[in-house]
Amino acid sequence: MVIQLGGQMDELTSERLTPKEIVRELDKYIVGQHAAKRAVAIALRNRWRRQQLPPLLREEIAPKNIIMIGPTGVGKTEIARRLARLTHSPFLKIEASKFTEVGYVGRDVESIIRDLTELAVKLVKEEKQRTVRNTAERNARERILDILLPDSRRPSARPAFVAEPTTEEEASSDSREKMGRWLDEGKLDEREIELDVKDQSFPSLEIFTAQGVEEMGVNLKDMMPGLFGGKSKRKKVRVGDARDILIAEEAEKLVDKQNVAREAIERVEQSGIVFLDEIDKIAGRQQAAGGPDVSREGVQRDLLPIVEGTTVNTKYGMVKTDHVLFIAAGAFHVAKPSDLIPELQGRFPIRVELESLTEADFVRILREPQNALTMQYTELLATEGLSLRFADEAIAEIARFAAHVNERTENIGARRLHTILERLLDELSFEASEMPGEDVTIDAAYVQRVLADIVEDDDLSRYVL
């Protein structure tokens with residue numbers, strides 16, 4: 001379901017991505033958690049359904065926000081992130097606890113929407129720049145040739161009253177064509193040329209305002225471009241590097257900034273996704289007249305209008321949050337969703353519980369996803385010329401150790417596989433550069449030899465794994 005820049009959806013793509021198809025796409029990367037996948041698939045499909053309605057009714061239908069309940073490392077963040085990639089939607093992950101870390105001050109909750117808008121602008125700008133890349137490459141090529149052969153003149157530069165090119169012009173044109181061929185073939189990549197490069201540095205200013213720290217910095221930069229990042233300096237660069245710099249500059253010139261801002265706001269309003277992690281950390285009710293609990297309920301009340309639907313002022317214009325999808329997540333070990341203030345509870349009507357990962361899940365995680373950890377390590381070491389293979393019994397043993405350590409220490413879900421595999425392959429990763437052309441198979445005996453002592457020693461496993 002790809003939302004186009006104008007806010008309308010591509011009919012063919014949206015029809016293909018039915019809820020079942022969305023779940024199948026998520027299954028490629030996330031093991032289990034079918035209930036959570038169903039919930040986000042329905043929420044996503046409802047966005048497309050809303051777009052098919054008459055405008056008046058379309059505005060009345062609010063998104064069905066979701067609370068994911070489950071321990072760390074079971075796939076909450078990954079589900080939301082993959083969902084956003086699937087739909088090319090602006091996506092922001094932020095911890096709710098950031099708004100309570102410094103008591104009453106904290107970050108302004110409206111910065112969530114400003115950050116999401118910045119991400120959308122970057123997303124739309126990159127898409128626009130891809131569409132003009134061929135033109136940008138041609139323009140950059142001509143600029144490099146102008147630097148290499150300053151006396152050469154392109155045909156378009158010749159005055160109209162000159163009927164025929166002179167012999168000198170013909171020679172210059174031949175030289176330019178020859179230099180152009182060398183440039184295209186990469187023969188000039190190591191040659192150095194002088195180039196005017198824009199200074200991208202920008203001093204950091206911490207000024208507290210009603211609109212937040214980040215907005216003041218941006219506004220100052222806009223008001224005084226000559227002072228902040230508007231100057232250029234001449235420096236020597238390789239032609240290969242100059243090509244990339246000039247392509248970026250030319251693409252920037254070809255993209256209409258106002259159009260980008262307008263489409264980015266449209267993208268945020270119609271398809272933005274905000275993942276509010278650690279929502280349980282602000283779920284505690286006010287217990288006393290002072291202390292951190294006071295700010296917890298205060299943050300909930302600050303979040304309420306953003307989730308409910310309001311208009312936020314950003315540097316690109318006003319952004320309405322009425323149809324932004326909010327996915328909240330938390331372990332809820334101590335607090336419960338019912339500990340949230342009633343108004344906020346009502347804005348998260350869908351609640352799904354994610355299951356703790358079992359030993360069998362760990363086996364599947366190591367084998368099935370397209371980005372499986374075993375595949376990642378195999379490809380990493382293949383860059384050194386080392387062929388690595390994991391035997392089935394080794395994968396089963398790794399999964400057993402991961403489940404065992406999670407039971408005896410903190411349960412950090414699938415993240416335990418990262419710590420165990422790093423420890424398991426530590427020696428091999430260090431020696432791989434000296435082992436080109438070798439084939440190595442990780443079997444159960446190897447896993448036992450490296451990990452058994454650490455896993456059995458509780459104190460050691462707490463520090464190492």
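Thr321 is buried (under 20% relative accessible area, with a 1.4 Å probe and protein chains only; over 50% is exposed, and values in between are partly exposed), its relative accessible area being 0%. The model is predicted: local features need pLDDT of at least 70, side-chain atom pairs count only at pLDDT 80 or more, and totals for chains, interfaces and linings use all residues. Residues are numbered from 1 along each chain as its sequence is written, and side-chain values use heavy atoms, with hydrogens and water left out.

- Thr321 is placed in the loop between strand E7 (317-320) and E8; helices (H or I, at least four residues) and strands (E, at least two) are DSSP runs, numbered from the N terminus.
- Leaving aside residues up to four places away in sequence, Thr321 is in contact (heavy atoms within 4.5 Å) with Ile113, Pro305, Ile306, Gly309, Thr310 and Val312.

**The sheet**
- Five strands form an open sheet in the order E2-E5-E8-E1-E9, with parallel pairing; two strands pair if DSSP finds at least two bridges between them.
- At the edges stand E2 (91-95) and E9 (350-353), each with a single partner strand, so one side of each has no neighbour in the sheet.
- From one strand to the next, the twist averages 20 degrees.
- Helix H5 (residues 76-87) lies across E1 (66-69), E2, E5 and E8, and runs at about 170 degrees to E5; axes are lines fitted to C-alpha atoms, for helices over the stretch in contact, and angles run from 0 to 180 degrees between N-to-C directions.

**Strand E8**
- E8 (residues 325-330) runs parallel to E5 (residues 273-277), and four bridges join them.
- Val274 has Phe326 of E8 as its bridge partner, while Phe275 has Ile327.
- E8 also pairs with E1 in the parallel sense, over four bridges, and Ile66 stands opposite Ile327.
- In a regular strand, side chains alternate between the two faces of the sheet.
- On one side of E8, Leu325, Ile327 and Ala329 are buried, and on the other Phe326, Ala328 and Gly330 are buried.
- Because six of the six residues of E8 are buried, the strand is largely enclosed by the rest of the structure.

**Loop residues with positive phi**
- Most residues other than glycine have a negative phi.
- His88, in the loop between H5 and E2, has a positive phi near 55 degrees and is partly exposed at 40% relative accessible area.
- Glu278, in the loop between E5 and helix H12 (293-308), has a positive phi near 55 degrees and is partly exposed at 26%.
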